[in-house]
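Welcome! Let's take a walk through this structure together, stopping at a few places along the way.

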Amino acid sequence: MTDTTISARGGVPERPSLDGLEETWARRWQSDGTYAFDRTKERSDVYAIDTPPPTVSGELHMGHVFSYTHTDTVARFQRMRGRTVFYPMGWDDNGLPTERRVQNVYGVRPDPALPYDSNWRPPSAPVDDAARKNPTAISRRNFIELCELLTVEDEKAFEALWRRLGLSVDWSLTYTTIGSAARAASQRAFLRNLARGEAYQAEAPTLWDVGYGTAVAQAELEDRERPGAYHRLRFTGPDGREVLIDTTRPELLPACVALVCHPDDERYADLVGASARTPVFGVEVPVRAHPLADPAKGTGIAMVCTFGDLTDVTWWRELRLDTRVVIGRDGRLLPEPPAGVPAAPYAALAGQTVNGARRTLVELLADAGDLVGEPRPITHPVKFYERGDRPLEIVSTRQWYLRNGGRDAGLREELLARGRELRWVPEHMRHRYEHWVGGLTGDWLVSRQRFFGVPVPVWYRLDDTGEPDWTHPLTPDEATLPIDPSSEPPPGYEESQRGVPGGFTGDPDVLDTWATSSLTPQIVGGWETDPDLFARVFPMDLRPQGHDIIRTWLFATVARSHLEHGALPWHTAVLSGWILDPDRKKMSKSKGNVVTPMALLEQNGSDAVRYWAANGKPGMDLAFDPAQVKVGRRLATKLLNASRFALGLGAADALRAAATQPLDTAMLAELSGVVATATTAFDGYDHTAALMATEAFFWRFCDDYIELVKERAYGTGPAADSARAALATALSVQLRLFAPVLPFVTEEVWSWWRYGSVHRAPWPTTYEVGRATQAPGDPELLRLAADALGQVRRAKSERKLSMKADVPLAEALGPAAVLDQLGTVADDLRAAGRIAKLDLLPDRTTELVIACAF
């Protein structure tokens with residue numbers, strides 16, 4: 001690469017400062033196209049990154065800064081290695097988080113039954129709690145427009161923060177998951193899955209969030225510990241035998257379809273094949289055996305209800321039991337009892353919430369004498385949607401599914417093999433992927449009963465009675481995508497035929513947001529719309545992401561790419577850890593311990609915050625530490641000042657001269673080792689090791705080398721020229737080593753004396769450093785000289801003397817070979833220590849000792 005981005009050198013300012021660098025350089029990088037992707041390059045010269053699109057439904061937090069800084073160091077390193085970097089930014093703006101934010105900000109709720117009102121306007125300011133509790137109903141289209149309006153504003157704020165942080169993305173490649181290109185790609189992939197038989201529709205028990213009013217997938221579940229109680233219920237077996245059942249959900253008693261025990265449980269062996277009657281309702285249910293029944297849990301025999309939990313679903317399916325659904329999509333008990341359940345006792349439960357029905361049924365059981373003892377309080381895990389605030393229910397619904405290996409052993413093995421193909425950083429994260437794939441219990445439920453998302457792109461014919469033909473969905477031509485079945489008719493129909501017998505109806509659902517986000521390589525790579533670009537970037541080189549979404553984003557992307565392309569979507573996945581608070585607890589909004597980054601960036605500078613973030617290795621959690629941020633600011637400040645000092649000695653004009661003096665070649669030899677270490681570390685995606693090696697050398701360079709050579713560098717002649725040449729090479733190399741982590745201060749210093757951008761300059765090599773010396777150097781010589789100077793400084797400090805105090809006589813004692821080495825840098829040591837006379841006394845001690853006389 002050549003220095004062509006910035007046209008002129010700026011010169012060294014009198015008072016360099018970190019303040020204002022972010023605004024200056026972010027503007028300059030944008031205007032100069034410093035990070036623009038060059039799509040004329042061959043694939044071998046491209047480094048493509050599948051950037052995670054953050055959810056645009058709130059504020060970015062330090063976890064985002066942490067992980068995105070890591071990715072940016074990779075992008076900057078690869079760019080300096082000569083690759084053109086495909087580094088897009090996306091916004092994940094569809095789905096439930098955006099809907100919930102819009103509802104909270106504006107106090108509205110969508111009602112699909114309402115007509116579109118072109119004159120409706122949202123509140124001019126965020127509403128209060130009263131308005132949120134009593135939201136205004138608006139049409140689906142009005143609601144979607146409001147979602148689009150708010151996400152645009154959120155995205156502006158996010159982009160401003162990313163620019164402030166210094167992410168080297170190409171902003172011309174920005175995409176959104178609700179944008180036209182994303183909707184088209186998502187619908188195209190779904191239609192192809194459907195054509196190949198990988199997508200299918202089924203009426204089945206579904207995990208349901210009653211708060212959001214939608215189905216959720218297995219990957220979106222989380223267990224939360226919640227208080228509950230065991231209730232012991234008395235069932236009546238053959239000949240009046242008492243059969244006791246422990247349950248935490250007595251309200252599901254009218255949904256009971258069987259009792260189940262373990263096949264080897266002798267206590268109930270004679271009951272298997274017989275039947276028992278439920279208390280209160282007197283419904284006869286069969287007693288069956290199944291290996292999932294736990295003899296040690298409760299009384300050892302359980303009631304199967306449709307549906308209380310996922311185990312109920314398994315028993316219901318494998319034992320082919322009846323279905324008695326009592327809970328509706330709103331989380332309330334249905335107004336009418338299921339078939340076979342008497343209406344009189346059920347009437348007391350109809351329409352109640354789950355908790356209300358539980359209290360009522362416990363009273364009925366107690367009155368009937370069928371509640372044995374008092375409820376026993378417990379704490380137990382309850383399944384929630386990861387973004388929800390109410391326990392999930394299981395209701396029977398018609399949904400779209402995508403095959404993912406959960407019910408297909410062959411596909412499961414293929415996806416496990418893909419995981420073994422992938423390079424994992426760190427490697428142990430692969431086991432999380434394998435654990436997830438191996439534990440799948442069903443296919444991926446991809447439909448959602450929401451509004452702001454990518455519509456499921458199908459319609460259904462209506463028969464003469466107006467009933468949909470679910471088995472033969474109508475599909476659009478790919479060339480017409482994206483489409484919205486709720487507002488566009490299918491091919492061969494007119495809008496007037498919507499909803500009438502013999503006409504059609506559109507699928508009302510949208511796709512799970514992960515069903516779109518799992519296609520980010522295809523969306524941003526121009527799949528099917530820009531074949532030339534797609535060939536240059538796919539499969540991509542890198543997927544950076546959090547380890548907590550391996551089961552969702554990473555696995556889903558692998559599955560979609562495997563089904564569509566028969567290949568991995570990228571070669572390497574780098575997983576970041578979590579950000580912890582100072583007490584080493586995970587930061588989360590629910591805990592109230594989240595730190596937002598903008599104030600930190602403004603107060604300490606972006607380089608300082610990036611420095612803190614870069615101290616976290618891939619896969620490792622990192623505690624947020626304001627003190628570490630301050631260390632980063634001190635480092636950036638020192639880089640400014642040390643560079644100004646070196647350039648003030650004339651280093652800029654000695655860049656291509658050779659270092660000849662022993663101390664100079666020693667310093668460059670050590671620097672060559674740092675270059676090798678940092679390069680190897682970055683190649684292995686270990687930005688932390690690269691930073692540690694560079695930073696450790698930089699402080700030795702400042703505290704030891706500069707102090708040792710500055711007097712010589714002020715002078716004239718070959719020795720002074722050597723010092724200035726070494727300073728120039730060392731400064732040039734160190735600026736480039738720091739550039740991936742500290743982009744602003746390194747660009748600022750680079751602009752003082754070099755042409756172009758440091759971020760377009762070539763990554764330093766050991767060959768380059770070696771070429772700057774006339775003879776090989778010995779890194780131990782710099783360490784020896786630093787040790788000697790350190791002893792002189794300590795002697796002055798112990799006597800409470802200024803470091804500028806003269807030392808009339810210093811004696812160097814040690815092995816002869818060590819003193820011979822020290823003699824080659826004696827002039828630099830005398831000048832730095834202000835030593836009038838330095839005597840070398842060999843073989844008096846086994847180690848180097850500097851004795852000072854004052």
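Our first stop is Asn193, a buried residue with a relative accessible area of 3%. Keep in mind as you look around that this is a predicted model. Asn193 sits in helix H6, which covers residues 180-195. Leaving aside residues up to four places away in sequence, Asn193 touches Glu198, Ala199, Leu402, Arg560 and Leu563.

Now let's look at the helix around it. How far apart are the end C-alpha atoms of H6? They are 22 Å apart, and this agrees with the 22 Å that its 16 residues should span at 1.5 Å a residue. Just after H6 comes Gly197, with a positive phi of about 80°.

Next, move along to strand E23, residues 540-546, where you will find Gly546. Is Gly546 buried or exposed? With a relative accessible area of 16%, Gly546 is buried, because buried means under 20%. Gly546 touches Leu575 and Ser576, again not counting residues up to four places away in sequence.

From here we can turn to a pair of helices. Two packed helices are described by the angle between their axes and the distance between the axes. Helix H20 (residues 687-713) packs against helix H26 (residues 826-833) at an angle of about 95°, and their axes are 8 Å apart. H20 and H26 are therefore roughly perpendicular to each other. Which residues meet there? From H20 come Glu707, Leu708, Val709, Glu711 and Arg712, and from H26 come Asp828, Leu829, Ala831 and Ala832. Sorted by class, this contact of H20 with H26 has five nonpolar, four charged and no polar residues.

Our last stop is the cysteines. A disulfide is a covalent bond between the sulfur atoms of two cysteines. How many disulfides does the count give here? With a cut-off of 2.5 Å between cysteine sulfur atoms, the count comes to zero disulfides. Take Cys305, which is in no disulfide: the nearest cysteine sulfur belongs to Cys256 and is 4.9 Å away. Cys305 counts as buried, at 3% relative accessibility. Cys852 is buried too, with a relative accessible area of 14%.

Note on methods
Residues are numbered from 1 along each chain as its sequence is written. This is a predicted model: local features need pLDDT of at least 70, side-chain atom pairs count only at pLDDT 80 or more; totals for chains, interfaces and linings use all residues. Side-chain values use heavy atoms; hydrogens and water are left out. Axes are lines fitted to C-alpha atoms, for helices over the stretch in contact, and angles run from 0 to 180 degrees between N-to-C directions. Helices (H or I, at least four residues) and strands (E, at least two) are DSSP runs, numbered from the N terminus. Angles under 35 degrees count as roughly parallel, over 145 as roughly antiparallel, 65 to 115 as roughly perpendicular and the rest as oblique. Contact means heavy atoms within 4.5 Å. Ala, Val, Leu, Ile, Met, Phe, Trp, Tyr, Cys and Pro count as nonpolar, Asp, Glu, Lys and Arg as charged, and the others, Gly among them, as polar. Buried means under 20% relative accessible area, exposed over 50%, partly exposed in between (1.4 Å probe, protein chains only). The expected span of a helix is 1.5 Å times one less than its number of residues.
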